[in-house]
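Q: I would like a close look at one part of this model. Please keep the answer plain and connected.

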Amino acid sequence: MKFYCELKKMVDNSYDIETGHGLCDVLIKDLQEGLAGRVKQFAVVTDDNVEKLYAEPILDKLFAAGFSADMFVIPAGEKSKTRKMKEFLEDSMLEKGYRRDCCVIAVGGGVVSDLAGFTAGTFGRGVPFINYATTLLAAADASVGGKTAVDTPLATNLIGMFNQPKKVYIDIDAWKTLPENQISSGLAETIKHACLADEELFCYLEENIERVFSFDREVCEYIAQKNCTIKYRVVMSDERESGLREVLNLGHTVGRAIETVSDYRLLHGEAVSIGLIAQCLLGNRHGFISKENTRRVADLCRRARLPVEIPDYISRTKLVRKLYTDKKVRDGKLRFVFQKEIGEMMCFGENQYGLNISEDEIADVLSKWE
Ligand SMILES: NC(=O)c1ccc[n+]([C@@H]2O[C@H](COP(=O)([O-])OP(=O)(O)OC[C@H]3O[C@@H](n4cnc5c(N)ncnc54)[C@H](O)[C@@H]3O)[C@@H](O)[C@H]2O)c1
């Protein structure tokens with residue numbers, strides 16, 4: 001006997017992204033108005049830097065509004081984005097009596113949202129989650145798009161799932177407590193967005209990048225909005241990365257590899273900065289970008305206080321080998337996406353943005369870094 005189990009379904013994963021200054025009260029009001037359905041128990045996941053700054057005030061307001069909530073704190077940093085830490089969160093939630101009728105609120109940067117989002121996606125076969133983003137990098141990239149993941153010793157983000165949040169809050173005021181290198185790290189993803197989709201944003205950054213470090217309200221608001229617009233447009237047209245979404249990996253083939261080989265001494269954005277320059281140098285060889293525009297990208301990264309060269313402690317041989325662990329490797333071939341001058345992406349056929357690059361060529365570019 002044979003049965004056909006028909007399970008076609010239409011899913012509406014739409015959600016709001018709100019940018020603003022101090023959005024705690026907006027979050028509580030949204031919850032009172034049913035953002036998470038009838039859920040009354042909230043798991044606030046954060047790290048030990050963000051705990052006192054932003055997670056505790058949110059917890060207090062949840063209590064004051066009559067919700068039941070607990071805080072789950074992980075050690076800050078990329079090294080917490082592991083399967084072990086996911087297990088720790090799951091066990092801690094189970095111990096506190098959390099079951100399927102709960103909601104996870106991620107309060108922090110990309111590490112917290114990737115880990116908490118993945119945990120929410122599998123806890124009780126999936127519970128709702130909300131992102132309250134407190135870093136520029138999360139605002140620029142990590143909080144929007146629904147990609148969640150953990151790292152493994154082999155490479156970053158290899159294990160995870162698409163899990164869209166109920167809502168994303170981008171609290172620009174929170175950037176004021178970020179250390180300078182974290183601002184720079186977020187600017188790397190901002191520069192990436194400008195390179196791949198928005199020449200106007202690139203020129204704006206060329207004029208104003210220093211003003212981000214003094215938290216100029218107008219500049220910060222502008223880049224928060226621009227980043228979201230670019231990212232959600234791409235995600236809306238290709239949620240599951242079957243084509244266009246691949247462009248968001250600009251600079252990430254080398255970036256992710258270098259982040260792992262550096263054993264996370266380089267922040268994500270710092271590694272992406274080096275990766276952006278790598279694809280420019282490679283792209284220049286192929287005629288995709290001029291020398292002048294390559295120089296502009298490097299200059300902007302430098303002014304964002306980002307590294308533009310591969311640190312000496314990184315072995316070029318290890319780095320090239322590490323490129324093969326990238327998720328985008330297909331049939332064992334190294335795959336890159338390239339910007340077309342500034343503000344556009346190279347397209348190599350219908351819905352084809354990746355190009356196979358030989359190991360010899362990338363090794364040559366890495367060894368002759370100019
Ligand atoms: N899911 C995606 O689409 C996506 C996209 C890009 C990056 N990422 C991931 O995001 C991660 C990097 O994000 P990140 O840079 O936000 O990392 P993070 O979460 O580690 O935050 C960076 C540091 O800043 C601290 N911090 C956070 N907010 C703060 C604040 N307001 N004031 C003071 N300190 C604060 C954190 O404790 C941490 O030490 C990486 O794991 C990367 O893989 C995911």
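Q: In what order do the strands of the open sheet lie, and what kind of pairing does the sheet have?

A: The model is a predicted one. Its open sheet holds 6 strands, arranged in the order 1-8-5-4-2-3, and the pairing is parallel. Strand 1 and strand 3 (68-74) are the edge strands; each has a single partner strand, so one side of each has no neighbour in the sheet. On average, neighbouring strands of this sheet are turned by 15° against each other, with direction ignored.

At the strand 3 end of the order, strand 2 (residues 41-47) runs parallel to strand 3 and is joined to strand 3 by 7 bridges. Within this pair, V44 has M71 of strand 3 as its bridge partner.

Helices lie across other strands of the sheet. Helix 1 (residues 24-32) lies across strand 1, strand 5 (129-133) and strand 8 (167-171), and it runs at about 165° to strand 8. Helix 8 (residues 217-237) lies across strand 1 and strand 8, running at about 165° to strand 1.

The domains come next. The chain is divided into domain 1 (16-177) and domain 2 (180-367). Their centres, taken over C-alpha atoms, are 26 Å apart. Domain 1 gives 24 residues to the contact, and domain 2 gives 28 residues. On the side of domain 1 that touches domain 2, the elements giving two or more residues are strand 1 (16-20) and helix 5 (136-142). Helix 5 gives the most, with 5 residues. The residues of that side of domain 1 comprise 13 nonpolar, 7 polar and 4 charged.

Terms used:
Residues are numbered from 1 along each chain as its sequence is written. This is a predicted model: local features need pLDDT of at least 70, side-chain atom pairs count only at pLDDT 80 or more; totals for chains, interfaces and linings use all residues. Domain bounds come from an automatic or database domain assignment. Two residues are in contact if their C-beta atoms, placed from the backbone, lie within 7 Å. Helices (H or I, at least four residues) and strands (E, at least two) are DSSP runs, numbered from the N terminus. Ala, Val, Leu, Ile, Met, Phe, Trp, Tyr, Cys and Pro count as nonpolar, Asp, Glu, Lys and Arg as charged, and the others, Gly among them, as polar. Two strands pair if DSSP finds at least two bridges between them. Axes are lines fitted to C-alpha atoms, for helices over the stretch in contact, and angles run from 0 to 180 degrees between N-to-C directions.
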